[in-house]
Each structure stands twice: as C-alpha cells, then as structure tokens.
Amino acid sequence: MTKVARTPLENWIAARIGLKAGQGLTPARLAAWQLARLNETLAHAHANSAFYRDQWGGRAAPRLARLDAVTGLPFTSAEALRRDPLQLLCVSQSAVARVVTLRTSGTTGDPKRIFFTAEDLEATIDFFHHGMSTLVGPGDRVLILLPGELPDSVGDLLQKGLARLGAQGIVHGPVCDPALTLRAIADQRIRCLVGIPVQVLALARHPDGARIGCETLRSVLLSTDYVPDAVATALRESWGCQVFQHYGMTEMGFGGGVACAALSGYHLREADLFFEIVDPVSGQPAGNGRTGEVVVTTLTRRAMPLIRCRTGDLAAWIDAPCPCGTLLRRMAWVRGRRQEARRLADGILLEMRALDEALFALPEVIDYQAALWQADDGDHLRLTLVCARAHEPLASLAAAALSKVPAIRAAAANGSLRVDPPIVEVRLHSVQPATKRMIDDQRNRKYAVN
Ligand SMILES: [Zn+2]
C-alpha cells in the first residue's frame with residue numbers, strides 16, 4: 001500500500017500556534033492555544049458587542065477554565081446575523097475590509113451580513129495556501145468555478161492562496177455555459193477544478209465532458225454545498241480524477257476544513273476555528289461517531305467574532321486515526337442540512353440527501369427539482385429530472401430508485417405518500433441555484449389537480 005501524505009494542515013497549525021521546529025504539535029498544545037484564543041475572543045466580544053453582552057445577561061465576560069466549558073455558553077443563531085448584524089461588529093466600520101451579504105433563496109427575510117478585517121481575510125488566504133498544497137503544486141493551473149469577481153470574494157482569496165504556493169488560480173466563476181467551461185479546462189490544461197458539486201457533475205455528464213481526461217485534470221475540489229456520494233463517484237468514474245471535499249461557509253471566513261490525501265473526512269482549520277458537533281434538539285455534545293449539527297466558534301476573528309454559531313450542517317466526528325497519520329481530528333463529510341429535511345405524514349423524515357443519492361446515481365442526471373404537494377388522497381412527491389442527454393428508461397429507473405429510499409418506501413407503504421411519475425427534461429444546465437437546494441414544500445398551498 002502506498003503511504004498517504006500527511007495533511008499539510010498539521011505543520012501549518014503547529015506554525016500558526018507558535019511552536020518552534022522540533023516542538024511537535026500535540027492535542028494538549030493545540031487545546032491550550034484554542035482555550036487562550038477563545039478567552040480572548042470572549043473578552044473582545046464582550047467589550048465591543050452589545051449582542052454578546054446581552055446574550056450573557058449583562059454579566060462580566062465569561063472566562064473559561066477548560067475548552068469543554070464552552071458548552072455552557074448560549075448558541076448564536078443565523079437569525080442573529082440577520083436581525084441586527086451591526087450589534088455583532090466588534091471593530092470600527094473603518095477597520096472593515098469586506099462585508100458579505102448573504103441572501104437565503106426562497107425567503108424574504110433580511111439577509112445575513114458578515115464583516116471581515118484585512119487581518120481576518122489574510123488568515124483565510126493562509127488556509128487556502130496550505131490546504132490546497134495537497135491538491136496542486138508550483139506551475140499547476142486551477143480553474144476556480146466559484147464567485148471571484150469582487151476583491152476578497154471566495155474565488156479571489158483562493159487565487160491569492162494558490163499564488164503563494166506557485167500555482168495559478170484562474171477565476172472562471174460559477175458555470176453558466178458548460179461547453180465554454182469544458183473548453184477552458186482543455187485549452188488551459190487545467191490540473192484541478194474547484195467548484196460546486198452539481199455544477200461540476202453537469203460538466204462531467206455534458207456530451208463534451210468525456211473528452212476531459214485524467215492526463216491533465218488530476219483532481220476536483222468540491223465546495224459550497226455538501227457532496228452526495230453519488231456525485232463524487234460519478235466524477236471519479238467519468239474523469240478518473242481524485243475528488244476532494246472542502247467544508248466552509250462565509251461565517252467560517254469561507255474556509256473551514258479540507259480533505260487530506262486519504263480522502264476520508266476533513267481536517268479542520270483548528271488554529272482559527274473551534275468546532276463542536278451537538279445534538280440538534282438537546283444542544284448537548286453529540287459524541288464520537290454520532291451525527292449532529294456542526295457548531296463553530298471563531299478563535300482569531302477581529303471584525304465579527306462568532307461564538308457557538310449554529311451552522312445547520314449535519315456531520316459526525318470520526319473516532320479512528322486518519323490513514324495520513326496526523327494527530328488532528330477528522331470530521332466525516334457533511335451529510336446535509338437540518339433545514340432541508342421534510343416531515344411526511346406519520347412523522348417520517350424525507351431528507352434531501354436520500355433523494356440525491358438515489359437520483360444522482362442514475363445515468364445522465366445532472367439536477368432535479370423535488371416538490372411535496374397535497375391532494376385529497378394525501379401527500380404527493382413530484383420530481384423533475386434534468387438530464388444532459390435523452391435516456392429512454394430514465395423515468396422508470398428513477399421511479400424504481402425512489403421506491404428503494406427508506407423514507408419513501410415507508411410512507412408509500414402506509415399510504416401517506418404517493419410518488420408521481422417523474423418528469424424528465426433534457427437540458428445542459430442546472431435548473432435551480434447550485435447551492436441551498438431543497439425539497440419545495442407546497443403542502444400548505446392548494447393546487448388544482450389536472
Ligand atoms: Zn488525514
């Protein structure tokens with residue numbers, strides 16, 4: 001068996017926390033750094049944010065004796081970042097280098113606003129620099145299929161990080177015309193793609209996608225949305241490349257964690273961020289191996305420190321050591337988001353991920369829309385499949401695959417859900433925004449049946 005290269009994040013974190021050469025990183029040294037930064041963050045937030053002073057009942061800044069005492073602090077919800085984000089801003093407006101406004105598709109509420117100082121953004125570039133060194137080296141070209149037009153946008157920061165390791169990041173932006181993007185990959189001899197899972201899948205399943213070979217394209221890094229196993233498998237099979245995953249969100253300063261060469265879970269940006277996984281209902285630590293909601297606390301953020309920010313993402317800790325030999329923790333791939341599951345009659349939960357695994361495993365499917373609607377005979381699931389080429393038996397293959405999804409099978413068996421015959425559309429583009437895909441719940445609206 002070939003030896004798996006150790007994650008570059010280990011040495012990077014050792015240097016970031018001030019360890020000298022020969023002074024190895026240990027869990028105790030990392031925990032001591034995290035605790036010191038956490039207490040600084042609590043003091044900074046208390047001194048500068050009315051929101052946090054209020055959260056802590058007007059008392060003095062909390063000072064923790066141990067890292068696990070963090071569980072005694074209240075969560076910060078996404079709602080707080082919408083309601084009055086300036087209440088969380090901890091520096092003067094003149095010190096803010098970038099504000100990111102995040103709108104949630106399908107809702108009309110206020111957007112979230114996240115603030116960063118130049119120092120905060122520098123920490124992200126540093127993470128991208130080291131995290132990407134598992135995938136590419138000096139001279140390699142990376143096509144960035146993420147937004148990057150604006151200075152200090154995610155694509156721009158990634159490009160800057162890549163430049164530090166001698167690689168060339170080319171900001172292409174999200175895929176609008178798959179044929180054009182595929183031409184750019186071939187013409188520019190791209191070594192690595194960084195993009196959104198369904199968009200990269202649409203490239204691989206495009207009629208021109210098969211021309212991209214593994215002799216130039218060696219790896220793909222999927223980001224922005226969680227990655228269904230069926231999508232990662234389809235990309236490996238189409239292109240023969242390695243499929244890496246990145247976990248991040250704007251609240252984490254865009255970057256949170258990235259796979260090592262073992263490709264089995266993320267190592268995290270632990271000098272800057274403290275991660276917890278909690279039971280979504282009780283809020284208590286979920287424990288090793290148990291899936292729960294990811295909660296993040298920033299340790300070095302100046303503009304807008306976030307303390308126990310609930311992400312809505314579902315993941316678990318992996319107890320076993322990583323094959324790469326690092327002592328850093330490992331988080332299993334994010335498995336979806338809390339908010340996107342829909343409750344069927346009889347309390348059965350239908351998760352987006354279950355549909356993803358069933359439908360993206362079918363040939364040619366590049367996207368789909370799912371909607372729950374209500375008729376006199378109960379709930380119906382309506383699916384529109386988007387496929388890159390006409391594929392005759394697709395509707396029947398989809399119906400068969402859906403009937404094997406445990407939640408659908410159970411709900412169909414007790415008569416509380418009917419699956420309408422899937423509709424198939426042939427087109428080369430996705431049909432919905434590439435992020436925040438969800439099952440559209442139309443059951444509170446009345447629809448004419450025809
Ligand atoms: Zn590893």
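**Notes on a two-domain predicted model**

1. The C-alpha centres of domain 1 and domain 2 lie 29 Å apart. The division puts residues 1-339 in domain 1 and residues 341-441 in domain 2.

2. How many residues of each domain are in contact with the other domain? On the domain 1 side there are 23, and they meet 21 residues of domain 2. The area buried between the two domains is about 2,100 Å². Carbon and sulfur atoms give 53% of that area.

3. The largest nonpolar core has 133 residues. Those with the most contacts inside this core are M132, L193, W239, F275, M331 and L355. The core draws at least three residues from each of domain 1 and domain 2.

4. Setting aside neighbours within four places in sequence, L193 is in contact with L143, L145, I185, V200, L203, L217, S219, V220, L221 and W239. W239 also belongs to the group with the most contacts inside the core, and I185 is one of the buried residues of helix 7.

5. Helix 7 spans residues 178-187, and its buried residues are P178, T181, L182, A184 and I185. Why do they line one face of the helix? Seen down the helix axis, these buried residues fall within an arc of 155°, so they share one face. As background, an α-helix has 3.6 residues a turn, so residues three or four places apart point the same way. The cover over the buried residues of helix 7 includes strand 3 (141-144), strand 5 (192-195), helix 8 (197-204) and helix 9 (229-239).

6. The ends of helix 7 are worth a look too. At its start, a side-chain oxygen of D177 comes to within 3.1 Å of the backbone nitrogen of A179. After the helix comes R189, with a positive phi near 45°.

7. Helix 9 has A230, V231, A232, A234, L235 and W239 as its buried residues. Among the elements covering them are helix 7, strand 5, helix 8, strand 6 (219-222), strand 7 and helix 10. Just after helix 9, G240 takes a positive phi of about 65°.

8. T76 sits in the loop between helix 3 (50-55) and helix 4 (78-83). Is T76 buried or exposed? T76 is buried, because its relative accessible area is 0%. The side chain of T76 reaches the backbone oxygen of I307 at 2.7 Å. Not counting residues up to four places away in sequence, T76 touches F51, Y52, Q55, L88, I307, R308, C309 and R310.

9. C260 is another loop residue to check, placed between strand 8 (257-259) and strand 9 (266-268). Its relative accessible area is 0%, so C260 counts as buried. Beyond residues up to four places away in sequence, C260 touches T7, T134, F244, G265, H267, C322 and C324. From C260 to E340 there are 80 residues in sequence and 28 Å in space, C-alpha to C-alpha.

10. F254, in the loop between strand 7 (242-247) and strand 8, has a positive phi near 75°. What is the relative accessible area of F254? The value is 9%, so F254 is buried. E364 lies in the loop between helix 10 (352-360) and strand 15 (365-375), and its phi is positive, near 75°. With a relative accessible area of 16%, E364 falls under the 20% cut-off and is therefore buried.

11. Finally, Y368 is found in strand 15. Y368 is buried, with a relative accessible area of 0%. Which side chain makes a polar contact with the side chain of Y368? The partner is D356, at 2.5 Å. Y368 and L203 are 165 residues apart along the chain, while their C-alpha atoms are separated by 15 Å.

Technical notes. Residues are numbered from 1 along each chain as its sequence is written. This is a predicted model: local features need pLDDT of at least 70, side-chain atom pairs count only at pLDDT 80 or more; totals for chains, interfaces and linings use all residues. Side-chain values use heavy atoms; hydrogens and water are left out. A nonpolar core is a set of buried Ala, Val, Leu, Ile, Met, Phe, Trp, Tyr and Cys residues joined through side-chain atoms within 4.5 Å. Buried means under 20% relative accessible area, exposed over 50%, partly exposed in between (1.4 Å probe, protein chains only). Domain bounds come from an automatic or database domain assignment. Contact means heavy atoms within 4.5 Å. Helices (H or I, at least four residues) and strands (E, at least two) are DSSP runs, numbered from the N terminus. The arc is that of the directions from the helix axis to the C-beta atoms. A polar contact is a pair of N or O atoms within 3.5 Å; within protein, one must be able to donate a hydrogen and the other to accept it, and residues adjacent in sequence count only if both atoms are side-chain atoms. Buried area is the accessible area (1.4 Å probe) that two parts lose on being put together, summed over both.
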